[in-house]
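Subject: Structure handover

Hello,

Here is the structure I promised to pass on. Please have a look at it first; my notes follow below.

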Amino acid sequence: MNVSVERSFAVAQDAADQLAPLRAEFFIPQRAGGGDSIYLCGHSLGLQPRGVARVLNEELQHWAELAVEGHFASSRPWLPYHEQLTSSLAKLAGAQPMEVVAMNSLTVNLHLMFASFYRPRPGRDAILIEQRAFSSDQYAVASQILHHGFDPRTALIEIGPRPGEDILRTEDICSLIEREGQRIATVMLPGVQYLTGQRFDIEAITRCARRQGCAVGFDLAHAMGNVPLRLHDWDVDFAVWCSYKYLNAGPGAIGGCFVHERHARSLDLPRLAGWWGHDKGSRFQMPATFQPIPGAEGWQLSNPPILAAAPLLASLPLFDAAGMDGLRAKSLRLTDYLQALLRARLSHALNIITPSDPEARGCQLSIRLHRSATEARAVFDSLAAAGVFCDWREPDIIRVAPVPLYNSFVDVWEFVAALEQSLQ
């Protein structure tokens, strides 16, 4: 991307951006002295769509006026509420509608998936994860190994970058799977790595894992709504995600799950069952024997939390209107611009640990400051005091994510200017 370091270049880019009007659909936190802050923290918590209050208030009104009858008689009946989200989530996941469901939270869904797709036996008891996996994934995986009576010290295989590097190489992942595949029961990796922003080659990794007879799943917390996905075509067994980051559904919002169609009617596949996953036609007859709904819905446990799902009804239509292809194209331009400005103005003070190849990342860039830990933290604190929202990771990394739904090229320019000032 050919860029100018002048602010006028950013202004011109925003003027030509067909998706720029989407910014008005979100609440932007305001600075103490007035005016929009610079919000580049959508990888942690997405901004609130302006339509959320209306949807939530409607559900509260239904509850007030209809009480229990809201399950059947409201304008959006609560009984099949999650089904309203299926079509949009399927498009974002690159899945068939029957392969996705909105339910629970990410780590709950991860445990449910491991109940079905981690079936260890002596000699094939290992789970492969990345060395720097998000803590919740690490805890869940280790606890699953222990739950099945195996030892994480031998059954947990972690893969890290090569010495002196920050990102994992696909060829190293596949080489390890080929070498250790006969003892790996399940491969579980991220779609986008939370710390570095690296986008994993899901298709290639899945192909390697399935060739070795391993079940394979992905944590899409930083991928869903950020990068294009084709989970069905890539033949992934399962995936899980949250919706409070790039899907903008609010803190603690409902999560989601993908289960490939080939498992849709695998009634012999062990699972942790709940009433809401039972066949809809006989659910209220309360039969003694569990009959799962075909597809991902068959892994549900309980009825959906309406107030935690409702914000997605305001957010997902924005994705439908923009289209993931259009959002990805803008995301590439925004992140390329951020990378170019950082290199042009601040290469002496930092390095970017996110892959430079646009196809190997989402919209996040992770910046390592050439400072001591104390000095680096002071830079981050200075940014926060100036009305810049980004994310700090010990000991010296600042994560920033220009989100195409609501961030602008001027946001990017102003962030770099603020960082330059804070570094001084």
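Seven strands make up an open sheet with mixed pairing, ordered β2-β8-β7-β6-β5-β3-β4. Strands here are DSSP runs of E with at least two residues, helices are runs of H or I with at least four, and both are numbered from the N terminus. Two strands pair if DSSP finds at least two bridges between them. On average, neighbouring strands are turned by 15° against each other, direction ignored.

This is a predicted model: local features need pLDDT of at least 70, side-chain atom pairs count only at pLDDT 80 or more, and totals for chains, interfaces and linings use all residues. Residues are numbered from 1 along each chain as its sequence is written, and side-chain values use heavy atoms, without hydrogens and water.

β2 pairs with β8 (residues 256-259) in the antiparallel sense, over three bridges. A102 has G256 in β8 as its bridge partner. Helix α5 packs on the sheet and touches β3 (126-130), β5 (184-190), β6 (215-219), β7 (238-241) and β8. Contact means heavy atoms within 4.5 Å. The direction of α5 makes about 165° with that of β7. Angles run from 0 to 180 degrees between N-to-C directions, with axes fitted to C-alpha atoms, for helices over the stretch in contact.

α5 (residues 106-117) also packs with α6 (residues 135-147), at about 30° and with axes 10 Å apart. That makes the two roughly parallel (angles under 35 degrees). In α5, L106, T107, L110, H111 and F114 meet S136, D137, A140, V141, S143 and Q144 of α6.

Best wishes

Technical notes. Parallel < 35°, antiparallel > 145°, perpendicular 65-115°, else oblique.
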